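Please look over the sequence and the structure, then read the notes below.

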Amino acid sequence: LDMKAELQSLQASGIRTIFDLVKLPNDKLKQLATSDAIRLKKRALEKLSPEAEKLYEEGLELLLGLNHKVINRSEGIEHIVAAATAGCKAAIGHCLREGLGSISQNKEKGYIFTDKAAKKGNVYACSYLGEIYENGDGVEENTKTALKWYRRAADGECALGQFNLGRCARMGVGIDEDQKKLADKCAATWIGKSAEKGFCEARFAMAELRECGHGIDKDPAAAKTLYLEAAKQGHKKALEKAMQLGEGIE
């Protein structure tokens, strides 16, 4: 995706990377002094399109601290906007739901694109579709449908889906009264799977479970390790917790 040499003519306009280029609307590019901008954007999109799904995944990793990545919100958003511009439906849905880049927030349209992406097998879209139904965000709230999509994402080895499934179990969402005793164990299982994949929010949640012994054996040492791992990825609460426990971060 390297186009540094070709982008030199646009650097005076503040366009230094392929992400700077693709996120600008064409009407803005037409206002630039050089005539290369539109042509180069088209070329950039041709380069990005085959990698759009991967680009979206990389954006989420940076935005949320997935797959052991350190949180970098601004860079994550750049990747997601670029993936949306390159045609990734899951990324388009994400941008519409959140109002990212030059895309105005429209939760109803965001739901439509997220639904399409989920039904085509994008596991992150499956997890976000679950959140949409859980929160009634642009659709009627439906916990049962939310859990169905979380489970589909989790079964697809999506750390975000696994965490959401565990989070719901931890809160007792969708758990029958006679199964509440199993809720903590179920939560620890799914959150643990997500933590093992390097999702910092799951590491923090797993540290809490380890510290208190909810659904899993109490292990303060393991809790400290998980807090530190989450802190190193940029989880602010985990950093505070680690400092309270008197542990430094190397």
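Cys126 counts as buried, at 2% relative accessibility. The structure is a predicted model, and a search of the whole of it finds zero disulfides. The protein chain has 250 residues, of which 43% count as buried.

**Cysteines**
- The closest cysteine sulfur to that of Cys126 belongs to Cys158 and lies 8.0 Å away, which is too far for a bond because a disulfide requires the two sulfur atoms to be within 2.5 Å.
- Cys168 is likewise in no disulfide, and the nearest cysteine sulfur, in Cys186, is 9.9 Å away.
- Cys168 counts as buried, with a relative accessibility of 1%.

**Overall make-up and confidence**
- The protein chain contains 15 helices and zero strands.
- Among contacts in the protein chain with a separation of 6 or more, 47% join residues 24 or more positions apart.
- The mean pLDDT of the protein chain is 87, with 81% of the residues at 70 or more.
- Among the elements, helix H9 (residues 123-135) has the highest mean pLDDT, 97, whereas helix H1 (residues 4-7) has the lowest, 65.

- In soluble globular proteins, nonpolar side chains tend to be buried together.
- Here the largest nonpolar core has 69 residues, and Tyr56, Ile80 and Ile191 have the most contacts inside it.
- Beyond its neighbours within four places in sequence, Tyr56 is in contact with residues including Ile80, Ala83, Cys88, His94, Asn122, Tyr124 and Tyr128.
- Asn122 is placed in the loop between helix H8 (107-119) and H9.
- Asn122 has a relative accessible area of 11% and is therefore buried, the cut-off being under 20%.
- Leaving out residues up to four places away in sequence, Asn122 touches Glu53, Tyr56, Ala90 and Ala117.

**Helix H14**
- Helix H14 covers residues 220-232, 13 residues in total, and reaches 18 Å from its first C-alpha to its last, close to the 18 Å expected at 1.5 Å a residue.
- The buried residues of H14 are Ala223, Leu226, Tyr227, Leu228, Ala230 and Ala231.
- Helix H13 (200-212) and helix H15 (236-244) are among the parts that cover these buried residues of H14.
- Gly234 follows H14 and has a positive phi, near 100°.

Conventions: Residues are numbered from 1 along each chain as its sequence is written. This is a predicted model: local features need pLDDT of at least 70, side-chain atom pairs count only at pLDDT 80 or more; totals for chains, interfaces and linings use all residues. Side-chain values use heavy atoms; hydrogens and water are left out. Helices (H or I, at least four residues) and strands (E, at least two) are DSSP runs, numbered from the N terminus. Buried means under 20% relative accessible area, exposed over 50%, partly exposed in between (1.4 Å probe, protein chains only). Contact means heavy atoms within 4.5 Å. A nonpolar core is a set of buried Ala, Val, Leu, Ile, Met, Phe, Trp, Tyr and Cys residues joined through side-chain atoms within 4.5 Å. pLDDT is the predictor's confidence in each residue, from 0 to 100. The expected span of a helix is 1.5 Å times one less than its number of residues.
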